[in-house]
Amino acid sequence: MSEAGGNVEHGLSGESSPDVAPREYTVASGDWQELPDVVEGGEMVINMGPQHPSTHGVLRMVLTLDGEMVLSNEPVIGYLHTGIEKNTEVRPWVQGVTFVTRMDYLSPLFNELAYCMAVEKLLGVTDEVPERAQTLRVILTELNRVSSHMVWIATGGMELGSTTAMIFGFRERETILDIFEFVSGLRMNHAFIRPGGLAADVPHDFELRVRQVIAELRDRVGEIETLLSENPIWVERNKGVGIMDAETCLSYGVTGPVLRSTGVAHDLRKAQPYCGIEQFDFDVPVTDTADAYGRYLIRIQEVYESLKIVEQALDALPGGPVMIEDQKIAWPAQLALGPDGIGNAKEYISRIMGQSMEALIHHFKIVTEGFTVPPGQVYVPVESPRGELGYHVTSNGSNKPYRVHVRDPSFIHIGALPPLSRGLQVADIIVAVASVDPVMGGVDR
Amino acid sequence: MSDSSSDSGSRRDVSDSSGGDELDVTDLDITEEEPPGEEETWHRRGGPGTANPNMAGGEAFRLRDQRRPAVQLSEELAALRDHIVAAFGDLEVEAFRGELTLIAEPDRVHDLVAFCRDDPDVRCELLSDLSCVHWPGMERVEKAVETTGWPTYEVQDEGRIEIDYMLTSITHNHRFRVRTSVGDEGGTIRSVVDLYRSANFMEREAYDMFGVVFEGHPNLERILMPEEWVGHPQRKDYPLGGVEVQYKGAVIPPPDQRSY
């Protein structure tokens with residue numbers, strides 16, 4: 001390649017020969033070329049991610065460095081954008097559950113819960129959801145919180161080089177995913193919580209298995225604590241790293257364990273309780289260290305608190321239906337175990353196919369067309385493992401959502417990375433990002 | 001002996017007297033009279049004669065809402081509403097399902113949000129959420145009144161984008177919404193990044209998805225879509241896309257073109 005040609009291709013003499021387009025090396029957005037490698041005073045711009053094992057997902061961070069020290073951190077997101085919010089607008093209300101459960105893939109049940117609570121609030125049927133369904137929702141979401149925190153231990157540990165923590169975390173998480181599979185048939189993306197209740201009742205030995213898992217988890221989370229809490233490497237890497245005070249947290253909208261690590265005991269399960277969670281006795285763990293180590297301690301304590309809630313909820317689990325009585329909202333499926341797995345019950349099929357024409361029409365209409373929802377807007381927040389997960393749902397009175405907007409805590413927390421990482425070493429960026437626990441599926445939606 | 005025989009005798013008397021034809025008829029009358037007011041559901045009313053298939057749904061809400069009383073604002077929220085309205089002058093106020101919404105003109109939103117942040121009785125530390133809803137021109141649902149079933153449509157020449165600021169106070173444990181509307185072609189509004197840093201990403205998302213320009217935003221770029229992207233995907237005039245699929249000989253249209 002000649003020198004002149006090289007210059008033209010790189011756009012250095014683009015003005016003299018405008019017919020030759022400058023060659024571009026783009027990283028998706030086209031801004032790669034505009035970033036100077038070296039800015040004044042020996043500062044350097046480094047691109048970290050999006051494909052990097054330590055950025056906690058498909059997250060790209062443009063770091064301005066002075067030696068090892070981070071001067072600024074510009075997070076770039078959107079690599080997992082799937083348009084789920086747009087997709088929910090063209091499908092009936094019930095099908096929205098199947099979409100939103102795929103957003104924050106580590107806490108799918110929280111997404112389902114918040115969406116369904118929003119639909120129920122729009123319908124005005126929040127009080128009519130059966131108590132058994134509400135209590136089961138609490139049990140399932142609290143188990144989900146434990147599994148999500150376990151993945152945090154696993155990935156956070158792996159990013160610091162502790163493969164034992166990774167193995168431990170994923171092993172513990174698997175026990176909970178087994179329960180979810182046992183209940184809903186799926187390890188993730190369950191679509192088990194539906195507007196009006198649950199898709200089906202839990203199997204008869206659900207309680208027994210959950211109690212076994214709780215006992216097992218208490219031991220094993222203790223193991224993780226023994227492994228990490230006093231571990232000199234873990235303490236060195238985490239203590240005093242990623243400090244963000246309460247004022248910054250609030251200004252940047254940060255909630256969840258990160259906010260609680262600054263001493264603000266804000267938990268939506270206490271502040272605005274949902275699904276009858278206020279009847280159970282649990283504490284909101286708080287530290288005032290405001291660093292990554294404090295967030296680790298909080299998450300470990302939250303696991304114990306969640307297990308406590310699940311145990312109490314199992315004790316208090318009432319009988320009865322798990323779907324709302326109103327046949328104009330309730331999903332008509334009446335599931336039973338057949339020779340080839342779970343399916344519609346034989347009695348139900350024979351009734352709609354052989355006995356009642358109206359029942360068949362009703363079944364057909366509510367499955368294809370769904371129910372209509374009164375026009376209006378609601379905002380329903382729940383306390384997800386990462387913080388306030390809010391669903392702002394708008395209805396225009398039709399059988400599809402007019403607009404579903406998700407306030408995902410991970411998205412908001414990524415916005416707080418610049419103040420969090422200013423002045424850190426490059427290696428500590430990884431700790432700081434891990435301690436925030438962003439899930440990129442929820443960030444990009 | 002005598003007691004028990006007299007007891008059984010009296011019981012028999014009662015059952016005998018109620019076993020007659022007349023009482024059967026009254027029983028039937030009761031069962032037929034009482035439920036229709038309460039139990040009648042919309043599929044029974046909205047029969048095959050309804051022109052708009054969705055009208056049956058509207059009937060449903062009227063009936064449902066007769067049974068389900070509207071959720072009122074809590075006392076705290078009502079007091080808060082009075083406080084803000086007293087301090088801020090004429091604000092349109094909306095209450096739906098126990099949620100409070102304050103509606104202001106776009107040029108007053110910044111002041112209103114600043115007031116809600118700084119006033120000791122409101123003290124919203126968190127801007128929880130900022131989201132938009134696009135109502136294209138010529139068709140817009142007018143106010144959703146909780147007791148009516150079907151929305152009334154107001155024909156409108158210009159499309160609007162509704163911007164909702166969800167404000168949360170941890171101190172007072174309340175949350176409410178500030179709502180405003182801008183035009184959907186080149187609508188601008190003053191940014192609230194100087195009040196809440198969390199608005200940075202939220203406003204970038206709103207700009208990316210709806211094309212609303214936030215004046216004074218430090219870095220108003222696309223955030224979820226690539227920078228060179230054309231169009232704003234969450235707007236109603238932006239198609240979802242998709243192709244039709246075949247299943248066992250039947251052709252299923254893409255999701256945004258289905259009739260159901």
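How far apart do the C-alpha centres of domain 1 of chain A and domain 2 of chain A lie? I began my notes with this, keeping in mind that the model is predicted. The domain assignment of chain A gives residues 1-29 as domain 1, while domain 2 is made of two stretches, 84-329 and 371-444. I found that the C-alpha centres of these two domains of chain A lie 49 Å apart.

**Helices of chain A**

I next looked up how α6(A) and α7(A) are placed against each other. Helix α6 of chain A covers residues 163-184 and helix α7 of chain A covers residues 206-228, and their axes come within 10 Å and cross at roughly 170 degrees. Since an angle over 145 degrees counts as roughly antiparallel, α6(A) and α7(A) are therefore roughly antiparallel to each other. On the α6(A) side I noted several residues of the contact, among them Phe168(A), Ile176(A), Ile179(A) and Phe182(A), and on the α7(A) side the contact includes Val210(A), Val213(A), Leu217(A) and Ile224(A). Sorting the residues of this contact between α6(A) and α7(A) by class, I have 14 nonpolar, two polar and five charged residues.

I then turned to helix α12 of chain A, which runs over residues 292-315. From its first C-alpha to its last, this helix of 24 residues reaches 35 Å, close to the 34 Å expected at 1.5 Å a residue. Is α12(A) mostly covered or mostly uncovered? I noted that α12(A) is mostly covered, with 17 of its 24 residues buried.

For helix α14 of chain A, residues 357-368, I made the check on length again: its twelve residues should span 16 Å at 1.5 Å a residue, and the end C-alpha atoms are 17 Å apart, which agrees. Following α14(A) I found Gly370(A), whose phi is positive, near 75 degrees.

**Loop residues of chain A**

Is Pro385(A) buried or exposed? I located Pro385(A) in the loop between β9 (376-384) and β10 (387-395) of chain A, and Pro385(A) counts as buried because it has 27 C-beta neighbours inside 10 Å. Leaving aside the neighbours within four places in sequence, I find Pro385(A) in contact with Ser107(A), Arg145(A), Ser148(A) and His149(A).

Asp340(A) sits in another loop, the one between β7 (335-338) and β8 (341-344) of chain A. Asp340(A) counts as exposed, because I find 6 C-beta neighbours inside 10 Å. Between Asp340(A) and Lys121(A) there are 219 residues in sequence and 37 Å in space, C-alpha to C-alpha.

I also stopped at Asp437(A), in the loop between α17 (426-436) and α18 (440-444) of chain A. Most residues other than glycine have a negative phi, but Asp437(A), although not a glycine, has a positive phi of about 60 degrees. Asp437(A) is buried, as 25 other C-beta atoms lie within 10 Å.

**Chain B**

For chain B I wrote down the totals before the details. Its secondary structure comes to seven helices and eleven strands, and 30% of its 260 residues count as buried. Among the contacts in chain B between residues at least 6 apart in sequence, 53% join residues at least 24 apart.

Helix α5 of chain B, residues 75-88, has 14 residues and reaches 20 Å from its first C-alpha to its last, close to the 20 Å expected at 1.5 Å a residue. Just after α5(B) comes Gly89(B), which takes a positive phi of about 85 degrees.

Where does Arg97(B) lie? I found Arg97(B) in the loop between β1 (92-96) and β2 (99-103) of chain B, with a phi near 50 degrees, a positive value in a residue other than glycine. Arg97(B) counts as buried because it has 22 C-beta neighbours inside 10 Å.

My last entry is Ile252(B), which is found in strand β11 (residues 250-252) of chain B. With 11 C-beta neighbours inside 10 Å, Ile252(B) counts as exposed. Apart from neighbours within four places in sequence, Ile252(B) is in contact with Glu244(B), Val245(B) and Tyr247(B). Leu80(B) is 172 residues from Ile252(B) along the chain, and I read a separation of 51 Å between their C-alpha atoms.

Definitions and conventions. Residues numbered from 1 in each chain as written. Chains lettered and ligands numbered in written order. Predicted model: local features only at pLDDT ≥ 70, side-chain atom pairs only at ≥ 80, totals over all residues. Axes fitted to C-alpha atoms, helices over the stretch in contact; angles between N-to-C directions. Helix = DSSP H or I, 4+ residues; strand = E, 2+ residues; numbered from the N terminus. Parallel < 35°, antiparallel > 145°, perpendicular 65-115°, else oblique. Contact = placed C-beta atoms within 7 Å. Nonpolar A, V, L, I, M, F, W, Y, C, P; charged D, E, K, R; others polar. Expected span 1.5 Å × (residues − 1). Buried ≥ 20, exposed ≤ 12 C-beta atoms within 10 Å, placed from the backbone. Domains from an automatic or database assignment.
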